[in-house]
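Please read them with the structure open.

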Amino acid sequence: MRPAQILTLPHHNQNKRFGVFILYSTNVLTTTTMKDITTNLFRVRSTMSAPSCGTLLVAEPFLKDKFFNHGVVSVIDYMPAEGATGVVMNNRTEYKLDELLDGINPGTDIPVFCGGPIGQDRLFFIHTLGPDVVPQARQYAPGLYVGGDFDTIVAYVNAGYATEGNVRFFIGYSTWVQGQLEREIDDARWALAPAPGSNNTLLTTSGDSYWHRTVGTLGETFRSWTLIPRNILDN
């Protein structure tokens with residue numbers, strides 16, 4: 001697999017690291033083990049059996065990992081004999097681009113997203129601009145590109161061109177070793193969705209609304225997922 005083009009951040013720009021009550025009683029209660037409602041009510045297997053570059057991995061609603069909770073991952077590399085690489089598209093961080101990338105005009109209000117747990121000191125971008133605008137951009141799906149010349153993208157941003165829907169910046173990415181992603185899909189941890197019909201849609205909105213929007217494309221079978229908030233305690 002070809003690695004995505006990335007930029008190592010200076011050490012001073014390392015990202016910031018983002019109770020349990022025990023009830024005592026003298027009464028003894030007779031209890032029995034409850035069925036797991038996440039398995040019985042909300043466990044739905046995807047109709048797509050295998051991912052490909054550009055496929056979206058939609059996290060099942062009870063996946064608790066902090067990087068993937070209600071996450072939507074765009075697969076940027078996939079080779080069954082080697083594994084997969086992807087980027088969580090909707091986890092917005094507290095950072096702005098001018099805080100992490102030299103040369104960006106101060107006060108530029110462009111968010112940076114967390115693409116996963118690997119390479120948290122690396123900055124890269126996904127875009128729809130293509131190599132005609134950003135030299136060295138690598139296409140990983142029709143109309144979708146990863147990386148490219150950083151001087152060009154800095155000039156693009158500083159010129160005031162729109163970034164929403166066109167380019168999104170990330171720290172970190174996600175990887176799966178050979179067979180791991182396939183097992184997780186078979187275990188219904190992920191539903192698979194094709195890349196959106198409009199690639200610009202992939203680079204708009206964030207957070208839970210992004211996840212719910214993508215779940216909505218999966219069809220009636222997954223409708224029950226939309227009932228589950230990112231933080232179940234919100235209900």
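1. The model is a predicted one, and its confidence deserves a word before the details are read. The average pLDDT of the protein is 82, and 77% of the residues score at least 70. Over residues 11-41, however, the pLDDT is below 50, and this stretch has 15 contacts in the model beyond near neighbours in sequence.

2. As to overall make-up, the protein has six helices and 11 strands, and buried residues account for 47% of its 235 residues. The protein exposes about 12800 Å², of which carbon and sulfur atoms supply 53%.

3. The strand pairing around strand 6 can be followed on both partners. Strand 5 (residues 92-96) and strand 6 run antiparallel and are joined by two bridges, with Arg92 standing opposite Phe113 in strand 6. Strand 6 and strand 10, by contrast, run parallel and are joined by three bridges, and here Cys114 stands opposite Ile171 in strand 10.

4. How many disulfides does a search of the whole structure find? The search finds zero. Of the cysteines, two may be noted: Cys114 counts as buried because its relative accessibility is 6%, whereas Cys53, at 32% relative accessibility, counts as partly exposed.

5. Which residues have the most contacts inside the largest nonpolar core? They are Ile126 and Trp190, in a core of 40 residues. Strand 3 (residues 72-79) gives the most to this core, with five residues. Apart from it lies another core, of 21 residues, among them Ile110, Ile153, Val167 and Ile171.

6. Leaving aside neighbours within four places in sequence, Ile126 is in contact with Ile76, Val87, Met89, Tyr140, Tyr145, Val146, Asn166, Val167, Arg168, Phe170 and Leu203. Val167, one of these partners, is also listed among the residues of the core of 21 residues.

7. Val87, another partner of Ile126, lies in strand 4 (residues 83-88) and is buried, since its relative accessible area is 0%. Beyond its neighbours within four places in sequence, Val87 is in contact with Val72, Val73, Ser74, Ile76, Gly115, Phe124, Ile126, Phe170 and Tyr173. Val87 and Val75 are 12 residues apart in sequence, and their C-alpha atoms are 6.6 Å apart in space.

8. Thr163 is placed in the loop between helix 3 (150-158) and strand 10 (167-177). Once neighbours within four places in sequence are left aside, Thr163 is in contact with Ile110, Tyr156 and Val157, and Ile110 is one of the residues of the core of 21 residues.

9. Phe222 is found in the segment after helix 6 (207-215), and with a relative accessibility of 3% this residue counts as buried. Phe222 and Ala191 are 31 residues apart in sequence, and the distance between them in space is 9.0 Å, C-alpha to C-alpha.

10. Most residues other than glycine have a negative phi. His70, however, has a positive phi near 50 degrees; its place is in the loop between strand 2 (56-59) and strand 3, and it counts as buried because its relative accessibility is 0%. Ala188 likewise has a positive phi, of about 65 degrees, although it is not a glycine. Ala188 is found in the loop between helix 4 (180-186) and strand 11 (190-193), and with a relative accessible area of 5% it is buried.

Definitions and conventions: Residues numbered from 1 in each chain as written. Predicted model: local features only at pLDDT ≥ 70, side-chain atom pairs only at ≥ 80, totals over all residues. Heavy atoms only, no water. Helix = DSSP H or I, 4+ residues; strand = E, 2+ residues; numbered from the N terminus. Buried < 20%, exposed > 50% of the residue type's maximum accessible area, 1.4 Å probe, protein only. Areas by Shrake-Rupley, 256 points an atom, 1.4 Å probe, with all protein chains shown as cover. Disulfide = S-S within 2.5 Å. Contact = heavy atoms within 4.5 Å. pLDDT = per-residue confidence, 0-100. Core = buried A, V, L, I, M, F, W, Y, C linked by side-chain atoms within 4.5 Å. Pairing = 2+ DSSP bridges.
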